[in-house]
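I opened a new structure today and kept notes as I went. Here is what I looked up.

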Amino acid sequence: MKKLLKIAVASPIAALLMSGCAPSTEKTVELSSSDTSCKSAEQGAVVASKFDGNMNDAASLASAWKNASCTSVMLYPQKTVHSNDKNTNGLMADAKGVKASVKALYNDQKIALMVYWDDSEASYQGESADKYSDGFAIQFAKDSSDPKKLPYVGMGSDDRPVVIYMQKSTKASFEPNGNGKHDMQLDEQSLNKFGEELKDYDKEVAKLGDSDFQKAFVAEGFRSTTELRDAKNSFNADMVHENGKWRGTFVKDIKDANLELSSEFPIALAIWDGNKENRDGQKWLSSWVAVELGKTQGNLEKAVTSVPNGNVANGKTLAVENCAACHIFDDQKMASAMQAPDLSALGGQSTAEYIIESLKNPSAVVVPGYNRNAYPNFKWYELADGKRVSTMPAYDWMSEEQLNDLAAYFKTLK
Ligand code: HEC
C-alpha cells in the first residue's frame with residue numbers, strides 16, 4: 001500500500017516558505033525588458049525604492065518590483081577554493097562571469113531584494129542522489145562602518161564576520177517511488193489517510209522543512225560557520241524558474257538580533273549552478289556592492305566602486321616580477337596551484353581597497369578555508385598567539401604609485 005502512495009507536499013512547503021512576510025513573486029514581474037537598462041554595479045549602488053505598503057500585498061508589490069530600478073552585478077567563479085572533485089574542477093575550469101540583475105525595495109521594517117539571472121536548465125535538490133541544485137545567497141557584512149575594511153568577500157574572515165542567507169532550489173515534494181515523476185502526485189486532502197500513515201506523511205514534510213534548502217549563518221571563513229536557526233523567523237527566500245531565468249526573492253527585517261542594516265550597506269551575491277556540480281565553495285561570487293535605502297552620502301558606494309588611477313602595463317610588470325612565483329594569474333601559470341590563492345578573477349571579486357590592503361598588510365585578511373596541514377610545503381599562514389599570520393611578504397616598501405599600478409592591473413583581471 002505504502003509503495004503506491006505518492007504524496008505531494010508542495011503546498012505545505014510553499015506555505016511554510018511563504019509564511020509571515022514573504023512577498024509573493026507574481027508572474028506579472030517583467031524581467032527581460034528592464035534587463036538591458038540595468039546600470040552596472042561597477043558604476044553605482046543598488047538603490048532601493050521606498051515601498052509604501054505592506055510587503056504581503058502581492059499586487060502592489062508586483063508593480064513596485066516592475067518600477068524599481070535595477071543594477072547588474074557580475075559574478076565570477078570563486079578560484080580561491082579548490083574542490084577535491086576533479087570532475088567539478090574541470091567543469092569550472094573555463095567558466096566565465098555570470099551577470100545577475102538586482103532590484104531592491106524597502107519600508108520602515110523590511111528590505112526585499114530580487115535577484116535574477118540566466119540559467120537555461122534548472123536543477124533541483126533531491127531530483128536524484130547525484131544531482132546538485134541551483135541556488136543563490138546574499139551575504140552581508142556584520143560591520144561595515146569602515147568601508148575600507150570589509151570582510152573577505154568569500155565568506156568572511158577572522159574578526160570580520162559576515163551573515164549569509166542561502167536558498168537552494170527544490171521541488172520540495174515527497175516522491176516515495178523514487179522514479180522522479182511528480183506529475184501523478186496526490187495531495188493530502190484527496191488521500192484517505194489515517195493514523196500511522198498520516199504520521200509518516202507529517203514526518204516527511206518535517207524533514208523537508210528542516211533540510212538544507214534554506215539557511216542563514218554567520219561566518220568568519222569557511223571553517224567557522226554558525227548556523228542561525230532562530231533566523232528562520234526573520235527572513236524569507238524563494239526561487240522561481242521561468243523563461244530560462246531564475247528569480248530569487250529575499251526579504252528580511254532591516255534590524256534583527258543578528259544584523260542591523262544602516263541606510264547604506266554592502267552585499268555580495270553568490271550563485272550555484274547544479275549542472276556544473278556547484279556546491280559549497282564551488283560557485284560564482286560577486287564583489288561587494290553597495291545597497292542604498294533612500295538618499296545617502298554614497299560613501300560606501302564610492303569605496304566599493306573606486307578604480308585606482310594607476311598604470312596597468314606597469315602594474316603587470318611589477319606583478320610578474322613580484323607575485324608570479326607564488327600566485328597564478330592572467331598568463332602567469334608558474335606557481336603551483338596550492339601555493340597561494342589563484343588571482344585570475346581577483347578584480348571581479350575584490351575592491352581596489354582590498355587589493356591594496358592585501359599588499360600593505362597581508363595578515364589583515366588571511367584568505368580562509370585553506371587546510372595548511374594538507375600542504376605542509378605551502379602554508380598560507382602561521383599561527384602566532386592563536387592568530388593567523390600570512391606567509392605572504394608585505395609590500396609596504398612599495399611606493400603609493402607602484403601599489404596603485406598593481407591594484408589597477410589586478411582590477412582588470414576577472
Ligand atoms: C611568497 C609567496 C607570495 C608572494 C611572493 C606573493 N604572495 Fe600574495 N599571497 C600569498 C599567500 C600564501 C596568500 C594567502 C594568505 C593570505 O591571504 O595572506 C596570499 C594572498 C594574496 C591575496 C589575497 C587573495 C584573495 O583571494 O583575496 C592577494 C590579493 C595577494 N596575495 C596579492 C599578491 C600580489 C599582488 C603579490 C605581488 C606583489 C603577491 N601577492 C605576492 C603568497 C604570496
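**Entry 1: the model.** I noted first that this is a predicted model.

**Entry 2: around the ligand.** I listed the residues around the ligand and got 25. Which of them come nearest? I found C323, C326, A340, S390 and M392. Next I sorted the shell by class. It holds 18 nonpolar and 7 polar residues, and no charged ones.

Then I checked the helices. Both α7 (312–322) and α9 (352–360) supply at least two residues of the shell. Which gives the most? I wrote down α9, with 3 residues.

**Entry 3: α9 against α10.** I followed α9 to a helix it packs on, α10, which spans residues 400–411. Two packed helices are described by the angle between their axes and the distance between the axes. For α9 and α10 I read an angle of about 130 degrees. Their axes lie 9 Å apart. Angles of 65 to 115 degrees count as roughly perpendicular and those over 145 as roughly antiparallel, so I put α9 and α10 down as oblique to each other. Their crossing is right-handed.

Which residues meet here? On the α9 side I noted A352, I355, I356 and L359. On the α10 side I noted L403, L406, A407, F410 and K411. By class, this contact of α9 with α10 has 8 nonpolar residues, no polar ones and 1 charged.

**Entry 4: α7 against α10.** I turned to α7, which also packs with α10. The angle is about 95 degrees, and the axes are 7 Å apart. I therefore recorded α7 and α10 as roughly perpendicular to each other.

From α7, the residues in the contact are V312, N314, G315, K316, L318 and A319. They meet Q402, D405, L406, A408 and Y409 of α10. I counted classes again for α7 with α10: 6 nonpolar, 3 polar and 2 charged. I also saw L406 in both lists, meeting α9 residues and α7 residues.

**Entry 5: A48.** I moved to strand β3 (residues 46–50), where A48 is found. Is A48 buried or exposed? I found 22 C-beta neighbours inside 10 Å. A residue is buried at 20 or more, so A48 counts as buried.

What does A48 touch, leaving aside its neighbours within four places in sequence? My list reads A104, L105, Y106, I111, V291, E292 and L293. I looked at E292 again. A48 and E292 are 244 residues apart in sequence. In space, they are 6.0 Å apart, C-alpha to C-alpha.

Terms used
Residues are numbered from 1 along each chain as its sequence is written. This is a predicted model: local features need pLDDT of at least 70, side-chain atom pairs count only at pLDDT 80 or more; totals for chains, interfaces and linings use all residues. A residue is near a molecule or strand if its C-beta atom, placed from the backbone, lies within 6 Å of it. Helices (H or I, at least four residues) and strands (E, at least two) are DSSP runs, numbered from the N terminus. Ala, Val, Leu, Ile, Met, Phe, Trp, Tyr, Cys and Pro count as nonpolar, Asp, Glu, Lys and Arg as charged, and the others, Gly among them, as polar. Axes are lines fitted to C-alpha atoms, for helices over the stretch in contact, and angles run from 0 to 180 degrees between N-to-C directions. Angles under 35 degrees count as roughly parallel, over 145 as roughly antiparallel, 65 to 115 as roughly perpendicular and the rest as oblique. A crossing is left-handed if the near helix is turned anticlockwise from the far one by less than a right angle, and right-handed if clockwise. Two residues are in contact if their C-beta atoms, placed from the backbone, lie within 7 Å. A residue is buried if 20 or more other C-beta atoms lie within 10 Å of its own, exposed if 12 or fewer, and partly exposed in between; C-beta atoms are placed from the backbone.
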